[in-house]
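Thank you all for coming.

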Amino acid sequence: MTAATRIGGDRAYIHASTTRTYEDDLDLIAIEYALNGEPVQLTVPEKIRAAQILDGRGLDFSAIGRRVGSDRNTVAGWKAHGWQPPPVDTDPLPIDIGRSQHGRCGYTKGCRCRACKDGAKEASRQQRAKARAKRQAAA
Ligand SMILES: [Zn+2]
């Protein structure tokens with residue numbers, strides 16, 4: 001064990017936090033290395049999580065890109081999409097939908113990213129619930 005990776009250790013050291021369930025799949029130690037400028041290979045979801053933390057620390061996109069092994073435009077894109085990790089394997093990356101918001105009900109202007117898919121799923125769930133209520137009221 002080293003002091004550098006101990007949670008609750010040196011205050012200058014940036015720690016990866018666990019506030020969302022998907023972080024269970026992330027290597028938090030690897031993320032911490034990236035946060036603190038150590039060279040490390042990260043998966044894309046790990047890069048995004050690290051970028052989000054660094055953004056919260058006020059680093060600019062270029063500096064964030066250097067730490068996580070990406071470029072400023074990619075980092076900006078992650079932030080624009082709410083730091084959502086890209087969907088596993090089959091889900092496409094978010095497309096440019098202008099000023100519209102990803103994740104609203106239905107596919108947003110043809111975007112099939114995870115946020116938009118989840119929005120569509122939730123919308124159809126609500127539609128089914130409404131139809132069910134209607135049928136029950138009629139019966
Ligand atoms: Zn989308």
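**Overall fold**

The secondary structure of this chain amounts to five helices and zero strands, where helices (H or I, at least four residues) and strands (E, at least two) are DSSP runs numbered from the N terminus. Please keep in mind that this is a predicted model, in which local features need pLDDT of at least 70 and side-chain atom pairs count only at pLDDT 80 or more, while totals for chains, interfaces and linings use all residues. Residues are numbered from 1 along each chain as its sequence is written, and side-chain values use heavy atoms, with hydrogens and water left out.

Of the 139 residues in the chain, 30% are buried, by which I mean under 20% relative accessible area, with exposed meaning over 50% and partly exposed in between (1.4 Å probe, protein chains only). The chain exposes about 9,300 Å², and carbon and sulfur atoms supply 50% of that area, as computed by the Shrake-Rupley method with a 1.4 Å probe, where for residues only the protein chains shown count as cover.

**The cores**

Which residues touch the most other members of the largest nonpolar core? They are I31, L35, A50 and W78, in a core of 18 residues, and a nonpolar core here is a set of buried Ala, Val, Leu, Ile, Met, Phe, Trp, Tyr and Cys residues joined through side-chain atoms within 4.5 Å. Two or more residues of this core come from each of α1 (28-35), α2, α3 and α4, and α2 gives the most, with five residues. Apart from this core lies another, of five residues, including I97, C113, A115 and C116.

Helix α3 spans residues 61-68, and its buried residues are A63, I64, G65 and V68, which pack against α2 (44-56) and α4 (72-80). At the start of α3, a side-chain oxygen of D60 comes to within 3.1 Å of the backbone nitrogen of S62, and just after this helix G69 adopts a positive phi of about 75°.

**The zinc site and the loop**

Turning to the zinc ion, its protein donors are H102 (ND1), C111 (SG), C113 (SG) and C116 (SG), at 1.8 to 2.4 Å from it; donors are N, O and S atoms within 2.8 Å of the metal (3.2 Å for Na, K and Ca), and since water is not among the atoms, sites may look incomplete. Along the chain these donors follow the spacing H-x8-C-x1-C-x2-C. The angles among the four donor atoms run from 103 to 120°, and the site is tetrahedral, a label that four donors receive if all angles lie between 85 and 135 degrees.

The loop between α4 and α5 (114-138) holds W83, which has a positive phi near 55° although it is not a glycine, and which counts as buried at 8% relative accessibility. K109 lies in that loop between α4 and α5 too, but K109 is exposed, with a relative accessible area of 60%. Its C-alpha is 6.5 Å from that of I97, 12 residues away in sequence, and, leaving aside neighbours within four places in sequence, K109 is in contact with I95, I97 and S100.

How values were computed:
Contact = heavy atoms within 4.5 Å. Polar contact = N/O pair within 3.5 Å; in protein donor to acceptor, adjacent residues only side chain to side chain. Tetrahedral: all angles 85-135°; square planar, octahedral: opposite > 155°, others 65-115°.
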